Amino acid sequence: MGYASVWKILPIVLSRAVWVVPTLLGLIVITFVLSRVIPADPVALAAGEAATVEQVEALRVKLGYDRPILAQFGTYLGNVFVGDLGRSLFTDREIVEDLADRLPATIELTLVSMFIAIALGIPLGILSAVKRNSLMDHLVRILSVGGLAVASFWLAIMLQLLFSMRLGWLPLSGRYSGFAPESATGLLLLDALLDLDFDSLSIALQHITLPALTLAIPSMATIVRFTRAGVLEVLNSGFVMYERAMGFPESTILFKYVFRNALTSTVTQIGLVFGLLLAGAVVIEAVFNWPGIGLYAYNSILQSDYNAIMGFTLWAGGIFIFVNLIVDIVHSLIDPRGTA
Amino acid sequence: MSAPMLSVQQVSVDFATEDGTVHVLDGVSLAVGRGEIVGLVGESGCGKSTLARTILGVLPPHISTVSGGRVVFDGENLLDMPHRRLARDVRGRRITLIPQDPYQAFNPLFTVGTQIMDLMRTKSPAPGGLSGRARKRFDRDRVIQVLEAVNIPSPAEALKKLPHEFSGGQLQRLMIAMAFLPNPELIIADEPTTALDVTIQAQILRLLRNMADREGVAVIFTTHDLATAYQLCDRVVVMYAGQEMEDADTDSFFASPRHPYTYGLLGSIPGKNAEVREIPGEMANLADPPSGCRFRTRCARAEVRCAEARPPVTECAAGHVVRCFNTANEQVAT
């Protein structure tokens, strides 16, 4: 349908994919360096307050923290490549396992948030631009500026107070009431849908509503603003003027021609917005006691569990790179000019 | 002469700007007969593009108002016509546009074919009885035929390409094709060669002239270049500061120009031997135009009465009108 064919975008995809490797490598270096320059002694923390100096040093040797920094990095890098992120300094569990256990909850939360942000953000942005300077536009703009400015944890608590404590409509926190049903994919909503288990679906939906909404708001505000700006810019372009002068139906102009051009800037934004979601997830999961990676990171930070923090950072960075790769591919599908 | 196909009568258009209301058009009149090519000549800012947009009914919304006059097309005042009907039945169908910059007028993300076929979907000249597959075949044949007529090599292939794969000259040929596709009665060509290389300009003008003659389509051709108007047009209308200053058929216009501004324009055409003279001063400030004649501040022959009253539009010869007190005077101003 006029969109670029797979063959045409393959070179673009490959050229972007090649960049993933050095980007990831850079990410690993930065996480590692940051974890070693922080002025705290993770070994001492792990050994506990009661440990003697000898015990701390013994643990240091055991964990390999006494070796030269480059040697430590070499080992770390090698381990990362075989999928070993080390063990938690506190629980001694494999961090990869910890992350894998908590991954589905976070994926579910971010996906639902992303969906809310896009499904509401793009139409609101378009409406706001098309009805420029109307009451609707002003309202949307106030809300989107507010959405960016408001602190997530405060908003989360206010929503909890209103909807859970006062009105009692939605659960206060957690992912499910009681024990979650046996899960095939780890995504409760998807499982319930696949099993046609509408009771579970309803319970899971009630739990995810507030955290997903709170998490979505800054991202949605960003998408609204960029979509509005994009549409306004496109509405002023020469081809819109030409199409109007040639009497193209307004619906064709707006939904076919303007929409796609405006989408190119919005799609690029969505990749960045995903970073907002990941960062927001740490706070939101902590407030809503959502058993995901964000909550894990939050707890790890409180405990200075360095290996776990590094594991989370790598995961978040990796997924961010991955999402932006997808965004680049989608962008090249929308814009067939090949901007690689 | 029978009633002209299009007659612009005393049209005034105001723009709201930060400097206050600007009278971009101030009582402009002109007429276009069937199949006639009319050149609308003037400096940038004289209102020729605004006039083109007024006729098409696509003035920039919110900031512009038509404060007077009529645009009568085939007996109907387009300024009164309901917006929907204007968009559906007139624009792109009976009156089409060749834009100034073809690079801007194509959407860069869609193939040329998509954009042309979208035009044909609502503006095809297909007979009313055709529908479904027959209509599609008619449209497709018409597109191929017109693309061939404007010298686009292998039209079927060209339709699959994106705008950036064409040169500016080819894009403008495609724009010309789109202007002719709906089989219109009037084409508004708004400085169609300004954005093109000089070497291409002549080709495009010749093509436009040939196509218009063959299809019997009238053209309003805006340009700042009198020489181009001389080559292309049957009639020339010179505009200055939102008013027509002189309006005559091409022969009469160049044989005996009457308006001092026209002399100025003629003098500023670079020739082999003649020295190029420029018109002194700058375009009148439309937010606060001079009293009386709008051109008097730059006119070599301005008199006291030029500041006191607005000069009348007088017919000094058959079909030759001029907005000046000095119509009898023919010698070239210095």
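Between chain B and chain A, eight residue pairs are in polar contact, counting pairs in which both residues have a pLDDT of 80 or more, a confidence limit that matters here because this is a predicted model. The side of chain B that touches chain A takes two or more residues from each of several elements of chain B, namely helix H1 (48-56), strand S6 (95-98), helix H3 (102-105), helix H4 (112-123) and helix H7 (168-180). Of these, H4(B) gives the largest share, with seven residues.

The side chains of A:Lys256 and B:Asp118 meet in a salt bridge, with a distance of 2.7 Å from N to O.

Turning to the interface as a whole, 28 residues of chain B are in contact with 21 residues of chain A. The two chains bury about 2,200 Å² between them, and 66% of that area lies on carbon and sulfur atoms. On the side of chain B, the residues B:Leu97, B:Leu109 and B:Phe110 supply 28% of the area buried against chain A, which is more than any other three residues supply.

Within chain A, helix H11 (residues 250-288) deserves a separate look. A straight helix of 39 residues would span 57 Å at 1.5 Å a residue, whereas H11 of chain A spans only 45 Å between its end C-alpha atoms. H11(A) bends by about 40 degrees at A:Phe259, and just after this helix A:Asn289 takes a positive phi of about 55 degrees.

Terms used
Residues are numbered from 1 along each chain as its sequence is written. Chains are lettered from A and ligands numbered from 1 in the order in which they are written. This is a predicted model: local features need pLDDT of at least 70, side-chain atom pairs count only at pLDDT 80 or more; totals for chains, interfaces and linings use all residues. Side-chain values use heavy atoms; hydrogens and water are left out. Contact means heavy atoms within 4.5 Å. Buried area is the accessible area (1.4 Å probe) that two parts lose on being put together, summed over both. A salt bridge is a side-chain nitrogen of Lys or Arg within 4 Å of a carboxyl oxygen of Asp or Glu. A polar contact is a pair of N or O atoms within 3.5 Å; within protein, one must be able to donate a hydrogen and the other to accept it, and residues adjacent in sequence count only if both atoms are side-chain atoms. Helices (H or I, at least four residues) and strands (E, at least two) are DSSP runs, numbered from the N terminus. The expected span of a helix is 1.5 Å times one less than its number of residues. The bend at a residue is the angle between axes fitted to the seven residues ending there and the seven starting there.
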